[in-house]
Every structure is written in structure tokens, then in C-alpha cells.
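Thanks, everyone. I will take a few minutes on one structure and go through its chains, its domains and its cores.

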Amino acid sequence: MSELQFLTWVRGPGLDLAIGIFLMGVLWRLFEIYSLGRKKDLAEPRSVAGASGMSTVFRRSIPPAGMLKNSPVTYVAGYVFHVGLAIIVFFFAPHIKFFQSLLGVSWPGFPSQLIDFVAVLTIIAMLVLLFDRITKPVKRYLSTFQDWFTWALTFLPVLTGWMAVQHLLLPYTTMLALHILTVELLLIFLPFTKLFHAFTVFGSRWYSGAVNGHKGVAV
Amino acid sequence: MRDKEGVLLAGLAEHGVSRRTFMKFCTTLASLMALPAASGVAMAEALATARRPSVIWLHFQECTGCTESITRSHSPTIEGLIFDLISLDYQETLMAAAGHQAEEALHKAMKDNEGKYLLIVEGSIAQGLNGAYSTVAGRSNLDTLKEVAKGAAAIVAVGSCASYGGIPKANPNPTSAASVSDIIKDKPIVNIPGCPPIPVVMTGVMAHFLTFGSLPELDKLGRPKAFYGETIHDRCYRRAFYDQGKFAKTFDDEGARNGWCLFELGCKGPVTYNACATTKWNGGTSWPVESGHGCLGCSEPDFWDAGSFYKALSMPANPLKVASGVAAVGAAVGVAVSLANRAKKGAAKAAHETTTLPDLEK
């Protein structure tokens, strides 16, 4: 199998398979989670549950008082790599082209130098977080296999993508194929690991806020 | 026919090519192939006194585009003359002989130059039905290749068909087409892929063979590194627009008129190793990207099956087939799991026993 044949496989059957498993997994988990339902709470709500839910969705994006000082690495690096990922994934011209081919809509992208800069920041932030997770005893104690695994699943596409653009280590064709392959692995595992928070984070925040509001602890 | 023993420089003089022009040509070739400057002189000396080598050119499953490229587009230039001045003993398109005469020429050349002739192959080789899909003079290409390759000093696979199987090998490959290197394992083979290949690459390889008696340094796909060492994208004059994020969106928009990058229109330059961007075509006149069309990737294996020519590299190569079906399966599994969960909840509720005061006092 030559490099171009490898690339054609990951752009063809491989992508088909990965997107298939991704879609199947996402729909499966969403149906499963949202159909679980909750017992009807017969008590009269103490305050407006929905408003509390909405405010929690936003409030939890802001570190609680004192926490930023307490664990700055988690917050700062966490923010940097989440925002970085969003910029790279949704505003790099070739990526927009990919979404356009699947969804039919497109939007303007950022210059590749800016994307390159953000990619480097993202890579550094993720490495810092990994280092932090290894060196902080509590974090390390709390980490399971899934934490290390999902870190790698998220890190590899960024690294290979950046290396492909920078022509590092391997020929561009091979690196591009590896980049797409690692994205496919990410897609395959996303619905079945903690990475599924990409879909559930705001739903679960809203739910927590709404329940608290209902009980009279509106925030 | 010209005297076989005649040396090349005399032939060139006959064609009105001065020594100066010839030196210039050799130096250019040497620098194109990234050889040291002195190699140009060595090349000129070797070429000037070289005996015209016997070349046998076989046509298999092909369109003759490679022959067209090498002979016609450069016929007034020095490359064309060099080509004219090798002893091309068998070439179905160009030779005057036909029928049994032509076959005799082939066998005579093979016999007279046993172990010394250069074999050039154009086209892929049909392997299906013992090669019966493609025959010349009642013999399958497969048999002919094996027989002629036996006495060759080296083999040059010209074009993507001979190098990798090319279009005849494209899905579903009805003739079981194969490349030269799939069949011949015991001879030095150099691949000069392209659909068609660049003429100067062809003459460069031949000059190298004549000068040094060996084939140039090859990459792992058997291509001369000097010409296939870098991608079209890395040498493209439109590269700056790619870096700035300036892309033509259609073939007639403002971006296209401004000469912006053709990546979004499906250019395969980033994954194609060839020298088009530096040597250009038709005597340095232009090349596909310069004339406004993206690279097709014709010098890469299986370029024909690598998805649409007009889809960007980051797009799926083919329309996704299973996605909608699998989404339905996912939704169905989700519904099934949720029904099972509800049933479990219902069963738990039904099995629930109310605890009474006497129970606690037991």
C-alpha cells in the first residue's frame, strides 16, 4: 500500500466506517440518556427551575471564587486547549471544506499562520495538563485508564495535523493520512468515553441547575 | 537508418546543434538532477562520445500519450534530437516497418545487443486470462515483456500505467492489469510516472544511464529522486495564497482570476511528487496549475481511484454510504435500550414492597 493508497483509504472506507460508528454511537447514547427520564417531582418549585438551569449552563464556565488561584493549571490550560481545539477544528480552511462536503454549509476561515499558532498553543496546553496529571498525586490517583486514553485520542489529531502542515518527520501524504486516521479513532471512541461530554455538557449543567432551583437553591 | 556506430555529437552537429548549446543542455540536466556542477561536463563528454544505445520500446495497455508527450511536444528542441539519436530499434508508433518486418527488427535488436539494450515500457500489462486481453503479433504482452526483459540492461517504465498499472488498473481492473515491477523482479527498473510524464525527466534518466552506466538514485516507488523528490504544492508558485487562506472557490470567480490557490477546487498538489512546478511543460511554457486547473496527482499510484479530481483533499474521497443507515441503527438501538431501561424501572417499581411499622419491629 503506497502513501496515496493509504490516504485514499482513510478518506474513503475508513472515514465512512468512522462517521458511521460515530453517528450510531451518538444517537444511541443521546436516546438512552434522554429517555431515562426522572420521577415527576410533585413538590411545588421553590423558584423558577428553568432560569436556574440556564444560569448554571453559563456560570459553570467561570471558575468559582478562589478556584482559579487554587488550581490555575487546570483552568488556564483547560481553557486554552478547549478554545484552541474549537478554533482549529472549525476555522481551518481544509476543515471547513470537510464540513461543507458533509453538511453543505461553509463559513470563512482564519489564515493558516493563525491556526498554526493556535495549534502550537493547544499542543503546549495539553502537554502541560498531562504533566500536571502525572505530577499531582491527587490527580494521578483519580485518573483511570480512560483519562489517559482520551487525552491521547484528543492530542494525536492535533499533533499529526500540525506535523503534516509543518512537514515534520514523515512525508506530508503519510502524515495527512495518519492525521485523518487519528481523527477517525477519535470519532469512533467519542460516543463511548467521557469525551461524550461534547454532547452532554450543557444538558447536564442545565439539569443540575434546574433541580437545584426546584429545591430552592436557585443559582 | 543512421549508422549504429556513429557517435552522438556528430549527429547533433548534423542537426545544427552547436557544442555550446549542447554543453548548456548537459549542465541544465545535471543541475535539474541535483548532480554536482562538474557532472555537466562529464555528462557532455560521455554523451558526445556515447555509442547510440539500442532502445526497444514496447507498447502495452496504454493510449500512446507518453510517446506523444516525449516525441511531439519537444521535437524541435535538443531533447527531441537526443531522442532521435538513440538507436530506437523497435517502437510501434514511430517505426516504418510493419507486420513480420517489425517483429524481425525486434528480434534482431534483442539478439545483437543481448544484455546491453535499454527496454522502455509504455502501458500496463494485462494478466487476466493469461494476458489474452492485450496481444501484439499474436502474443500476449505478458509473454513479450518477460522475453524482452530477459536480455535488457535496464528497464524504464514510462508513464503511470507501466509504473503502477495506471488507468487500466483502475477499479474494477477488469484485465488484472499490473505494472512492470509487479512482473519483472530481476532487472533494474526505473519508474517515470505521470500521465504523461515530463519529457525532460525521460531524457534526464537516459542521459544519466548513458553517462554513468547506471540508473539515477530512486525513491521507494522507483522514481528518480531528482525529479520526484518534492511535492507540487511545495514548489507551487501559488503556495503563498494557500498560506494566506486565499482560495479560488470556482473556476471563474475572482479568486480564480487572481490566480489564488486551487486547493478547494480539488488540487492534489500537496500529495503529488513530480517536477511540473519547476520544469513546467511544453518547453517551459506553462503547467496545469499555471493554466488554472488543479493537479490531478497523475504521477502517484492509483490516482484514478483517489476520489474526485474536483474534491479538496480534506473532503471524503467518496460519498459516505453507510452514514444514514447506521444513524437509523443507532437511533433504533437507543430506543431499544431506553425501552429496556423503562421495563427495568417498571419491574423495580412493581417489585417494591412497602415497609410497615410491624416489619421494622420484627
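One term before the rest: two residues are in contact here if their C-beta atoms, placed from the backbone, lie within 7 Å. And please keep in mind that this is a predicted model.

With that, take B:Val156. Setting aside its neighbours within four places in sequence, B:Val156 is in contact with B:Leu118, B:Ile120, B:Val190, B:Ile192 and B:Val205. B:Val156 is also among the residues with the most contacts inside the largest nonpolar core, along with B:Ile56, B:Leu119, B:Val121, B:Ile155, B:Ala157 and B:Val158. That core has 128 residues. Domain 1 (8–228) and domain 2 (232–305) of chain B each give it at least three residues. There is also a second, separate core, of 5 residues, and it includes A:Ala77, A:Phe81, A:Met126 and A:Leu129.

Now chain B as a whole. Its secondary structure comes to 17 helices and 9 strands. Its C-alpha trace spans about 120 × 50 × 40 Å along the principal axes. Among contacts in chain B with a separation of 6 or more, 70% join residues 24 or more positions apart.

On to the domains. Chain B is divided into domain 1 (8–228) and domain 2 (232–305), and their C-alpha centres lie 27 Å apart. How many residues does each domain put into the contact? Domain 1 of chain B gives 17 and domain 2 of chain B gives 14. On the domain 1 side, helix 8 (159–164), helix 10 (199–212) and helix 11 (225–228) of chain B each supply at least two residues. That side of domain 1 divides into 11 nonpolar residues, 6 polar and no charged.

Next, the two chains. 36 residues of chain A are in contact with 38 residues of chain B. On the chain A side, helix 1 (3–11), helix 2 (13–35), helix 6 (93–103), helix 7 (112–135) and helix 10 (172–189) each supply at least two residues. Helix 2 of chain A gives the most, with 14 residues. By type, this side of chain A has 19 nonpolar, 13 polar and 4 charged residues.

Last, helix 6 of chain A. A:Ala93, A:Pro94, A:Ile96, A:Lys97 and A:Phe98 in this helix are buried. After the helix comes A:Gly104, with a positive phi near 85°.

Note on methods:
Residues are numbered from 1 along each chain as its sequence is written. Chains are lettered from A and ligands numbered from 1 in the order in which they are written. This is a predicted model: local features need pLDDT of at least 70, side-chain atom pairs count only at pLDDT 80 or more; totals for chains, interfaces and linings use all residues. Helices (H or I, at least four residues) and strands (E, at least two) are DSSP runs, numbered from the N terminus. Ala, Val, Leu, Ile, Met, Phe, Trp, Tyr, Cys and Pro count as nonpolar, Asp, Glu, Lys and Arg as charged, and the others, Gly among them, as polar. A residue is buried if 20 or more other C-beta atoms lie within 10 Å of its own, exposed if 12 or fewer, and partly exposed in between; C-beta atoms are placed from the backbone. A nonpolar core is a set of buried Ala, Val, Leu, Ile, Met, Phe, Trp, Tyr and Cys residues joined through C-beta atoms within 7 Å. Domain bounds come from an automatic or database domain assignment.
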